[in-house]
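The tour goes from one selection to the next.

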Amino acid sequence: MSGPDDKAHDPRHEGRGGWEISFFPCHGDGGQACAEWKKLQPDLILLLIGSSDMSRSGAPARLAMLVDAILSDCPNTQLIVAQIPPLGDAAAEERAKAFNAAIPDLVKVRAGAGKPISLVDLRAALTTGDLADSMHPNAEGYAKIARAWMEGIRAATR
């Protein structure tokens, strides 16, 4: 399995459409391969990932490994992890609910250990009416996501 074709992007933005959690180079390697993040040491990382993982099991464990790698490589970076928005496909939506239910504990455990991590609930910000298709937000959905991220950033950086 390989990742989707990446188009040119702003090097300060690591957005990767269609990627599964395991496509990230630092997934599952003990946190040693997030070379760019490690080199740049950003102040803030917004992590919204998992929608493309809803066709197979084990997404919460893969997310936990990715989060641990990021926190290891960027110990002073505020990491904000988002619960994924609702999905239009009924089977994927059921898996998304289970995935999202695991994320608060994942974040709480790491925050309790003093890690700079917090949570943004994008599921609460959107409905399936905010989707352009079964997975991707429409313009209003993206606006709602932006507002939710902003609230999360403000809360995390107070």
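A residue is called buried when its relative accessible area is under 20%. The model on screen is a predicted one.

**Arg62**

Begin by selecting Arg62, which sits in helix α2, residues 59-73. Is Arg62 buried or exposed? Its relative accessible area is 9%, under the 20% limit, so Arg62 is buried.

Now show the side chains around Arg62. What does the side chain of Arg62 make a polar contact with? The partner is the side chain of Asp53, at 2.9 Å. A polar atom of the Arg62 side chain also lies 2.7 Å from the backbone oxygen of Ser57.

In sequence, Ile21 and Arg62 are 41 residues apart, while their C-alpha atoms are 6.4 Å apart in space.

**Glu20**

Move on to Glu20, in the segment before α1 (35-40). Glu20 has 11% relative accessibility and therefore counts as buried. Display the side chain of Arg56 as well: the side chains of Glu20 and Arg56 make a polar contact at 2.9 Å.

**The sheet**

Switch to a cartoon view and pick out the strands. Three strands form an open sheet in the order β1-β2-β3, and the pairing is parallel. At the edges are β1 (44-47) and β3 (117-121), each of which pairs on one side only. From one strand to the next, the twist averages 20°.

Select β2, residues 78-83, together with β3. How many bridges join β2 to β3? There are five, and the two strands run parallel. To find one of the positions where β3 is bridged, select Val81: its bridge partner in β3 is Leu119.

Helix α5 lies across β1, β2 and β3. Relative to β2, helix α5 runs at about 145°.

**His136**

For the last stop, select His136, in the loop between α4 (122-125) and α5. What separation lies between the C-alpha atoms of His136 and Pro86? The separation is 9.6 Å, for two residues that are 50 residues apart along the chain.

Terms used. Residues are numbered from 1 along each chain as its sequence is written. This is a predicted model: local features need pLDDT of at least 70, side-chain atom pairs count only at pLDDT 80 or more; totals for chains, interfaces and linings use all residues. Side-chain values use heavy atoms; hydrogens and water are left out. Two strands pair if DSSP finds at least two bridges between them. Helices (H or I, at least four residues) and strands (E, at least two) are DSSP runs, numbered from the N terminus. Axes are lines fitted to C-alpha atoms, for helices over the stretch in contact, and angles run from 0 to 180 degrees between N-to-C directions. Contact means heavy atoms within 4.5 Å. Buried means under 20% relative accessible area, exposed over 50%, partly exposed in between (1.4 Å probe, protein chains only). A polar contact is a pair of N or O atoms within 3.5 Å; within protein, one must be able to donate a hydrogen and the other to accept it, and residues adjacent in sequence count only if both atoms are side-chain atoms.
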